[in-house]
Structure formats: structure tokens, C-alpha cells
Amino acid sequence: MTTTLEHPTTDVLGTTAARARSAELERLVRSDPGRFRVLTGDRPTGRLHLGHYFGTLHNRVRLQDLGVETFVLVPDYQVLTDRDVAENLKQYVAELVLDYLAIGIDPDRSTIFTHSAVPALNQLLLPFLSLVSVAELNRNPTVKDEIAHSRQSAVSGLMLTYPVHQAADILSVKANLVPVGQDQLPHLEITRTVARRFNDRYGHGTELFPRPEALLSEAPLLLGTDGTKMSKSRGNAIALSADADETARLLRGAKTDAERRITYEPTTRPEVSSLVLLTALCEGTDPRQVAEELGDGGGAALKRRATEAVNTRLAPIRARRAACARDPQLVRDVLRAGNETAGAVAEQTLDDVRAAMGTDYR
């Protein structure tokens with residue numbers, strides 16, 4: 001799939017331009033989903049939580065249901081970007097796939113696969129690295145932030161080349177649309193740069209790779225139960241795999257404030273507003289309406305309603321997850337089929353690259 005979309009974004013995406021183009025892409029997706037191929041995924045470093053669900057997961061299911069060809073990558077190699085060893089990796093991969101199946105990603109309509117099982121994808125990293133300078137990698141603001149928050153005593157080469165590895169992920173299946181948050185735009189721009197430079201250097205007048213575009217998510221800002229950023233590593237998130245009792249316990253301990261009147265003011269009352277927003281998202285209503293209905297009920301009433309809303313929203317997801325988990329072969333079968341599909345696509349891409357570079361010796 002090498003079609004370039006009309007009116008591509010510029011090489012340096014400002015937020016306003018990126019959002020305007022994303023809105024246009026959204027209209028195109030709805031009118032002609034078959035012209036798009038999406039790649040998306042999550043690092044298997046722990047249980048997925050409500051922040052992931054409302055931030056990205058439900059949007060993947062929406063794109064799949066619209067008819068967009070969807071590849072969902074479990075980038076197990078990239079676990080090593082900010083840690084010395086990949087602990088509990090097999091378990092985390094299985095848990096991640098169960099979460100995907102539970103929220104509605106259908107392996108008959110979406111391809112779920114892992115980095116380590118697709119050698120052709122990782123082989124693309126070598127020629128792609130030759131197209132990007134060290135200075136460009138050092139300037140990447142997302143990499144700078146990830147290095148600053150790295151768990152390693154020293155920064156590995158994998159961390160520095162992370163954006164190029166992501167380019168290999170995307171371009172191995174020739175995806176032309178990538179759902180991202182605003183902070184991921186610099187990474188996607190590296191992918192676009194790699195695609196453009198490869199086409200210019202080796203394309204001989206043809207375009208081997210599309211220049212993938214960003215479908216920006218309007219991810220809501222949900223804080224963790226301690227009032228800081230919701231994160232797998234901080235223990236402040238409600239996992240999709242949590243049961244009703246664990247969810248209730250975590251929400252009872254959520255940070256609020258001393259003011260009894262419940263209002264939705266994200267800037268001045270972030271913790272209360274995050275719980276109000278979570279409740280509204282789960283109920284499918286407006287957060288200001290939730291706040292108005294709670295009135296002077298205080299933090300206790302807010303937590304009770306949030307707990308009921310979350311448990312109601314997650315009940316069918318938990319039921320599907322439990323049903324999937326009862327079949328120990330299911331995850332292996334899903335990954336085997338997905339790895340075969342993604343592997344065949346990536347092998348064809350690698351063959352195209354070899355032919356373009358003159359390194360096909362067979």
C-alpha cells in the first residue's frame with residue numbers, strides 16, 4: 001500500500017497545522033476507510049489502564065470498525081529502550097493481547113503481532129539509520145524527554161535510535177496513517193523523513209514508501225489516583241484487568257480536595273476534575289453535567305459515582321477478558337496468525353528495499 005495521500009503535511013508540523021490536517025484526515029477516514037492502513041501499539045511493560053482505554057484503545061476499535069486496515073504492534077524489543085532487562089516480558093505480552101481482545105480488537109479484522117517475531121521489520125532498521133543523522137536524533141524532543149526519565153544508568157543506543165525503530169515499525173507494513181498524541185509528532189516526523197529520503201535516494205522516480213500522516217487523538221487528561229500523571233509504573237492507575245473490588249478500593253483512595261462543592265475546573269481543581277471527567281467518559285455524558293448533579297455531595301459522593309460508572313463501563317470488557325483468559329491457547333493462536341501476516345507484509349517490503357538498493361542477490 002504505497003499511495004500518498006493528497007495535500008501531505010509539511011515537514012515541520014505546528015500544532016495548529018497538525019490538528020487541521022488531522023480533522024481533514026478524520027473526514028477522509030469516514031468517507032473512504034479503505035484507502036488507509038494504520039499501525040499502532042503499546043509497549044508491553046505492564047497492565048493497560050483507563051488512561052490507555054480513553055486515550056487510544058477505544059479509537060483503535062473505532063478505526064477497525066470503520067473498515068480501516070489496522071496493524072497492532074506489541075513492540076517487545078522496545079521494552080529495552082529505558083530499562084536494562086525485559087522482566088516478565090512473556091506475561092506482559094499475553095496480558096496486553098488479552099486487553100486488546102477484551103476491548104474489541106478483532107484478530108479477524110486487525111493484525112496483532114510482535115517485534116521479535118518479524119525479523120524483516122528489524123532488518124529495515126539498518127538502511128533506515130543511514131538516512132538520519134546523529135544530530136537529528138539528538139534534537140528529537142521526545143527522545144530528550146525519554147532519556148531524561150530513563151531508568152538506565154547510561155543511555156543505550158536503542159534509546160537514541162528509538163524513533164528510527166518506530167519508522168521501521170510503520171514503514172514495514174507501509175502504513176499511511178498513525179494515530180498519535182501530540183507528543184509523538186516528532187517521532188512521526190522522523191518516519192516521514194526516512195520515507196522521503198529513501199524515496200529520493202533509491203526510488204528512481206517511484207515512491208516506495210508513503211509518508212505517513214498523524215491522526216491526532218483528543219485524549220482526555222486523566223490523572224492517577226494520587227493526582228499525578230496516570231502511569232503503569234507509578235501504581236496510580238486503574239487497570240482494565242482490575243476487578244470491581246480493586247477498582248472501588250483504588251477510587252476510595254483517590255486524591256480530591258477539601259471543598260465540598262463539586263465543580264469541573266481542570267486548571268484550578270485538577271484532582272476533582274479528573275474524577276468528574278472519568279465519570280463522564282464512562283457514562284457518556286458531559287463532565288459539567290456530572291458536577292452539577294453531584295452539587296454539594298463532596299468527594300465521597302463523587303468517588304461513589306465514579307466507582308459505579310467505571311465498574312459499569314468495564315463490566316463487559318472484564319467479562320470478555322475472563323472468557324478469553326480461560327482459553328490458554330488463544331493468545332498464542334492470535335499472535336501466531338498475526339506474526340505470519342505481518343511477517344509476510346514486512347518480507348515483501350524488505351524485498352522492495354533490497355531491489356531498490358541493488359542488494360537483492362538471489
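This report describes salt bridges and nonpolar cores in a predicted model. Residues are numbered from 1 along each chain as its sequence is written. In this predicted model, local features need pLDDT of at least 70 and side-chain atom pairs count only at pLDDT 80 or more, while totals for chains, interfaces and linings use all residues, and side-chain values use heavy atoms, with hydrogens and water left out.

**Salt bridges**

A salt bridge is a side-chain nitrogen of Lys or Arg within 4 Å of a carboxyl oxygen of Asp or Glu. The count by this rule is 23 salt bridges. The table gives some of them.

| Pair | N to O distance |
|---|---|
| Glu24 and Arg21 | 3.0 Å |
| Arg30 and Glu26 | 3.5 Å |
| Arg47 and Glu246 | 3.2 Å |

Helices (H or I, at least four residues) and strands (E, at least two) are DSSP runs, numbered from the N terminus. Glu24 and Arg21 both belong to helix H1 (residues 15-31), where they are three residues apart, about one turn of the helix. Arg30 and Glu26 also both lie in helix H1, four residues apart, again about one turn.

For accessibility, buried means under 20% relative accessible area, exposed over 50%, and partly exposed in between (1.4 Å probe, protein chains only). Arg21 counts as buried because its relative accessibility is 6%. Glu24 is partly exposed, at 27% relative accessible area, and Arg30 is exposed, at 54%. Arg21 and Glu24 are also linked with Glu213 in a network of salt bridges.

The salt bridge of Arg47 and Glu246 links distant parts of the chain, with the two residues 199 residues apart. Arg47 is in the loop between strand S1 (37-41) and helix H2 (50-66), and Glu246 is in helix H11 (residues 244-252). Both are partly exposed: Arg47 has a relative accessible area of 36%, and Glu246 is at 22% relative accessibility.

**Nonpolar cores**

A nonpolar core is a set of buried Ala, Val, Leu, Ile, Met, Phe, Trp, Tyr and Cys residues joined through side-chain atoms within 4.5 Å. The largest has 49 residues, and Leu50, Tyr100, Ile103, Ile112, Leu240, Val276 and Leu278 touch the most other members. Elements that each supply at least two residues of this core include H2, strand S2 (69-74), helix H3 (89-103), H11 and helix H14 (298-325).

Contact means heavy atoms within 4.5 Å. Leaving out residues up to four places away in sequence, Leu50 touches Leu222, Met230, Ile238, Leu240, Leu278, Val310 and Leu314. Another core, of 39 residues, lies apart from the largest one; Leu131, Leu185, Ala214 and Ala342 are among its members.
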